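Here is a short report on model confidence and aromatic rings. Have the sequence and the 3D view ready as you read.

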Amino acid sequence: MNAREDCHERVFSILLVTTLLIILSVGFAYAAEEPLKAVIKSMPDMMFVLDNEGVFIENMMEPKEAAEFIGGEFSGKSIEDIFPGNMAKTLRNEFNRFVETGAENTIEISLAEMGINNQYDVRFASIGDEYVLAIARDITESNEAKQKLYNMSIKDTLTGVYNRNYFERKLSEMDGGNGNFGILVCDVDALKLVNDILGHIAGDEYLKTVAEIIQMHLPQDAFVARVGGDEFAILLKDTSPDELEKLNLGIKEDLRNEKKDYSFVSTNLSVGYGVRNKNAATIRELYKFADDEMYREKTNHRYTRNNGDLSLLTNMLEARSFETESHAKRMEENCIKIGKVLGFTESRLNKISLLAKFHDIGKIGIRDSILLKPDKLTAVEFEEMKTHSEIGYRIANSLPDIEHVAEYIYKHHEWYDGTGYPFGLKQDEIPLECRILSVTDAYDAMINDRPYRSALGKEMAIAELNRCSGKQFDPHIVSVFLDIVEKEES
């Protein structure tokens, strides 16, 4: 409370006590009852008059409010007659202290013993020499708001575990203690891949799942916090390396068995752990030791995981789309043929080969109802389908083996005349690899069946390439490709 609020409250208290003294001086003259009630009703407090023995004399509230607070009729009853056990003891102690000293004080009481969840601030004020005014203010909502703010300051809002700030505070508290403290640091593998493919909402659900699994395995006195975007730290008392290894394996096993929309990703954790007095002298040195161990395992996971991720993503695309392995193989062969005619180096041929294989990898982030729709897409559906090039770009950037073709994946739907997407690039602004892919992809799509139409003949496909030359396709690439087709058929 600031000085101004304190001053206002004291002035109001003086006015109130003066009013009460006037009333009491005439034996509670009820001629003044209505003005007094008007004053009382304007206040957020409940008020009672007691004698110096702690017996209730007068209720300054509406009967319904009094009934909610003390359970009904109370006139002539003592504090102990109305309130149960510890609640009565707390109120009696404060009442006696006030009567003896006259020093005002505020105490907080809970009505839990009465089966009520509310909390109140209670204070006493003198009314002359014979009476005491008890003032009670409901602080339930205020306490709930304070608790909510406190929880927000120490908890991670997404996962519900503690946050980094509170973790640092806990480290400081434990640093001076005794015992075999243990720290286990977990980093969520492939979170970026989940975010890139399914979006950040799915990534958040993945993190919440990890947090839930971690908490399921922890002993009661363990402490877990989210200390980074995809990193959790666990503090344990009186533990051993064997117990930490058991915890490590149990969490990983449950996470691998968890079936979610992101199950095609290698759902795993990189984990490092250590025990104080064995791996480090202080708890902060131990945290660094565990963190370093975690990063060593994460590095190992990166080297062993990437090819597996590419295989998983490729298989998933084939399972959810008409983009078969044979289609990718035919495109790859045609792209390489054009590249050789244009004098591509071996390195550049390798790039266009990867582009042919993974140009549509972003389609695994598109809904099946759109991806496999047998009819023409609506305008809204087509806008969603167009996002697959951006999704593919993000996926490629997540995988070191194909990140160098991420830009090509992003731009492979640009048209030569500038009417393509997503950037509206034209002519030489479009990477040459994308212009080559555009021709070979269109040709292969036309001469093979699609969910929404049967295959066209080669003559019709060639005619369509010529018709769209200079619009959708680079005229020079169309010419080179058609020369290749003609030579192969002759």
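## Confidence

Residues 1-8 have pLDDT below 50. Beyond near neighbours in sequence, this stretch has two contacts in the model (heavy atoms within 4.5 Å).

This is a predicted model: local features need pLDDT of at least 70, side-chain atom pairs count only at pLDDT 80 or more, and totals for chains, interfaces and linings use all residues. Residues are numbered from 1 along each chain as its sequence is written, and side-chain values use heavy atoms, with hydrogens and water left out.

## Aromatic pairs

The whole structure holds twelve aromatic pairs. Rings of Phe, Tyr and Trp (its six-membered ring) pair if their centres lie within 6.5 Å; planes under 30 degrees apart count as stacked, over 60 as edge-to-face and the rest as tilted.

F95 and F124 have ring centres 5.5 Å apart and planes at 80°, so they are edge-to-face. F95 and F124 are 29 residues apart. Both are buried (under 20% relative accessible area; exposed is over 50%, partly exposed in between; 1.4 Å probe, protein chains only).

F382 and Y421 are also edge-to-face, at 6.2 Å and 90°. Y421 is buried at 12%. F382 is partly exposed at 38%.

## Cluster and charges

Y162, Y166, F167, F223 and Y287 form one aromatic cluster. The charged end of K155 sits over the ring of Y162, 5.1 Å from its centre. That label needs NZ of Lys or CZ of Arg within 6 Å of the ring centre and within 35 degrees of the ring normal. R348 has its charged end over the ring of F344, 4.3 Å from the centre.

Terms used: pLDDT is the predictor's confidence in each residue, from 0 to 100. Helices (H or I, at least four residues) and strands (E, at least two) are DSSP runs, numbered from the N terminus.
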